[in-house]
Amino acid sequence: MRLSFELGKWAFCLLLLGATLSGCSYFRSKDDPEGVPPPTESGIRYGVEIGGLSKEDEALRATLLSSSDAANAVSRPPASTFVLERRAEADLPNIVNGMHSAGYYDGTVSYRVTQVREDDKADSSTTGGVLDTITDATKGPPVILSYDVKPGQRYRLRSIKTVTSDPANGFLAPSPEKLGLNADQPAEAQQVLNAQSAMVSEAKDLGYAFAKADPLQAEIDKDGKTMDVVLSVTTGPIVHMGEFTIEGADGIDSRFLRRRVLWRPGDRYSPTVMEKTRLSLVNTNLFSVVQVVQPDQLDATGRLPITYKMTQRKSRSIGAGLGYATDEGPNVSFFWENRNFLGAGEKFRSDLYLSPLRRELSANFVKPDFGARQQNLLANGSMKQEDTDAYSSESIGAGLAIERPLWAENVTGSAGIAYRLASIEPKDEEEETYGLLSLPTSIRMDYSNNLLDPTRGWRLNLYATPYTDTIQTGTNFFKGQAIGTAYVPIAGNERYVMAFRGNVGTIVGADRDQIPADERFYSGGGGSIRGYGYQLAGPLNGKDDPVGGRSVIELNSEFRYRATESIGLVYFVDSGTVADSSAPSFSEDLFVGTGVGLRYLTPIGPLRLDVGVPLDRRSVDDVVQIYVSIGQAF
C-alpha cells in the first residue's frame, strides 16, 4: 500500500530531526580560543573585510583572510563590541605575517568596527542560528570588522644559493630552480621556507636520516626592495634501518602486523617507506594512533632502530540509526561490529534494517591480507523481505569474493561468486521462485577528499554481474552499472560546492518479464530522484504500480553551501528515467524533481533533511516528499 503524505508525518519528521540535532550537540566544541565562554543567548554577529587593496590584489586578500583569526572565528560571535575589538587587536600580527608571507615587508594595517544594522545579536535559541544565517546571507552581516591594509611595494628575490654544510657526506644540494625558487620572483616567505623544507626532505629520502636545516640566511635590501637568500642543510651520514619493534598491539597477531611493515633491517633509511608502513597499520582500523619513533643516534650495529607505537581502538562497536521518508515511512537500523574477530584484524559486522518496505538482516566478514598483502577475502550472507509497490519478495543469499587494489591505491577491484534463493511476487502476477547464481565483479575508484562529506574530487563505481537461474533453467542475463560522482568547490572555496552524480545501468540477455522483479532497475526516492515516490519515477502498469525496466539513467546535481561550522544548505535538481529497452532511452518520459535541504554537520557525517517536489506531477505522485537520514545524498 503506497504511503501518502499526511500532516502527522510532518510532525514525526520534525520531531525526529529535532531529537537528532539535540543528540549531536554533544559534538560541538566547548573551547573558546580567547578564553571567553560561548554566548548562551546572544553575541555580536560580524563579517570581516580587507580594505586598501585593488582588484588585482585578490590573491593577497584571500591570503590575509585565511591568516586572520577573526575571519576564521565569525561563527563564534563575541559577547560585546569590546570583545570584538580585542579580537581584532590580537589579530593585527597575523595580518602583518600574512603580508610577509606574500612578499610585502613594509606593510602596515589598522582596523575599525562599523555597525551596519541594529539586529546584530545572535540568537542561539534556533538550531545553529539558522534564521540569523539566512538573514546575513541575504542582507550581509550587521557588524563589519574592516582591516585597512597598506602593503607597500612587493619585494623580489635577487640571489638564491643552496649549500650543504658537510659536503664530505656526498649530498649534492638541489638547485634553487628545482626547489621552486627563481631570481626576480616575489620574495614570499612561505615559499622560501617550503623550499628549505623540500631540501631537507630530499636529503632524508636519499638516506640522510639526521638531515636538518641550518638557520635561514635572508638579507633584505629596503632600497632595492629585494631579498638575498642562502638555504643550507647539514646532512650527516647515510643511514640504514635496523630492527623494528611494534608496541601497544596486545591481542593482535604479530605476524599479521609484521606483514604490514614495508621494509626490512638493512634497507636504506626512507621516510616515505616508513610513512607508508604507518598508514598500512592505520588502515587495519585497529588503532586510533600509530606513531613512528626513531632515536637520534645509531645502535651498536651502526643502524637506526625503528619503533611503531600504537594506541588500540576498541575492537567492538555497536550503533543505531533513524531515518524517515514520505514514500517509505520511518526506518531504523542497528549494527554490531568486531574489527579483530579472530585476532588477526578480521572484521565481522552484522546489520539489521527495518522499515515498512524492507526488513533485512545481513552479516559480512573480511579476512585481510588473504594470500597476499592488501588482498582481502570477503564473505557475506543476508536474509531479506521486501514489500514495495512493485513486488513482494523473500530471499536468502550468500557470497564469497576476493578484493584488492588494482593500478593505484585509490582503485579497488573485486570478483566473486554468489547464490540467492528468492520467492518474488510482482504485483498482480503469480509468485515465482528463483535460484540465482551470479559472478559479481566491481571496480571502485575514489579520488575524493573525504569519505563522509566530500568537497572536491570524484568517485566512479563500475559493476558487472552475469546471472543464471538454477531453478528456471534457460533464464540468463547480464547486469551492468556505472555510478559516478564529482565534487567541485566554486572558485576554490569549499564552503560552496557543486556536487554531481550520474547513474547508468543496463540488463541484457532476457526480456523484462523474465528478469526477477527485484533485479530490475527502478528510480525514484531519496537515493535517486527526490520528489518522486520510491520506485515511481519509471514505467507503471494499469494500476499505477511500478514494473521496472532493463535500463536506467539518472543525473543529479546539488549546490551545497556551508553556512556555519555546523549548518549546511542545499538546493538540488534530480532527473532520470527507466526504460524497458536494454539501452537507456531518451524517448521515455523524463522525470525531474527539485527541492531544498538542510544539513547538520557532525564528525560522523552530516544529518540530512531534504524536501523535494516533482516538476511534472502525475495523479500517482504526492505533492511533496520528505527525507531524513544520515550522510549526504551522494
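Which residue in strand 21 is the bridge partner of Tyr463? In strand 21, Gln481 takes that place. The views below come from a predicted model, in which local features need pLDDT of at least 70, side-chain atom pairs count only at pLDDT 80 or more, and totals for chains, interfaces and linings use all residues. Residues are numbered from 1 along each chain as its sequence is written, and side-chain values use heavy atoms, with hydrogens and water left out.

**View 1. The protein chain as a whole.** The secondary structure comes to seven helices and 27 strands; helices (H or I, at least four residues) and strands (E, at least two) are DSSP runs, numbered from the N terminus. Of the 634 residues in the protein chain, 44% are buried (under 20% relative accessible area, with exposed over 50% and partly exposed in between; 1.4 Å probe, protein chains only). Contact means heavy atoms within 4.5 Å. Among contacts between residues at least 6 apart in sequence, 60% join residues at least 24 apart.

View 2. Strand 20 (residues 457-469) pairs with strand 21 (residues 476-490) in the antiparallel sense over twelve bridges; two strands pair if DSSP finds at least two bridges between them. Six residues lie between strand 20 and strand 21 in their hairpin, and Gly474 in the turn has a positive phi of about 100°. Strand 21 also pairs with strand 22 (residues 493-508), in the antiparallel sense over 13 bridges. Across that pairing, Asn503 in strand 22 is the bridge partner of Ile483. The hairpin of strand 21 and strand 22 has two residues between the strands, and Ala491 takes a positive phi near 55° there.

View 3. Three strands in the order 1-3-2 form an open sheet with mixed pairing. Strand 1 (46-51) and strand 2 (108-115) are at the edges with a single partner strand each, so one side of each has no neighbour in the sheet. From one strand to the next, the twist averages 20°; axes are lines fitted to C-alpha atoms, for helices over the stretch in contact, and angles run from 0 to 180 degrees between N-to-C directions. Strand 2 pairs with strand 3 (residues 143-150) in the antiparallel sense over eight bridges, and Val143 in strand 3 is the bridge partner of Gln115. Helix 3 packs on this sheet and touches strand 1, strand 2 and strand 3; the direction of helix 3 makes about 150° with that of strand 2.

**View 4. Helix 2 against helix 3.** Helix 2 (residues 58-67) and helix 3 (residues 81-101) have axes that come within 8 Å and cross at roughly 140°. That angle makes helix 2 oblique to helix 3 (under 35 degrees counts as roughly parallel, over 145 as roughly antiparallel, 65 to 115 as roughly perpendicular and the rest as oblique). Thr63, Leu64 and Ser67 of helix 2 make the contact with Asp91, Asn94, Ile95, Gly98, Met99 and Ser101 of helix 3.

View 5. Strand 8 and strand 10 (residues 304-312) pair in the parallel sense over five bridges. Tyr308 in strand 10 is the bridge partner of Ile246.
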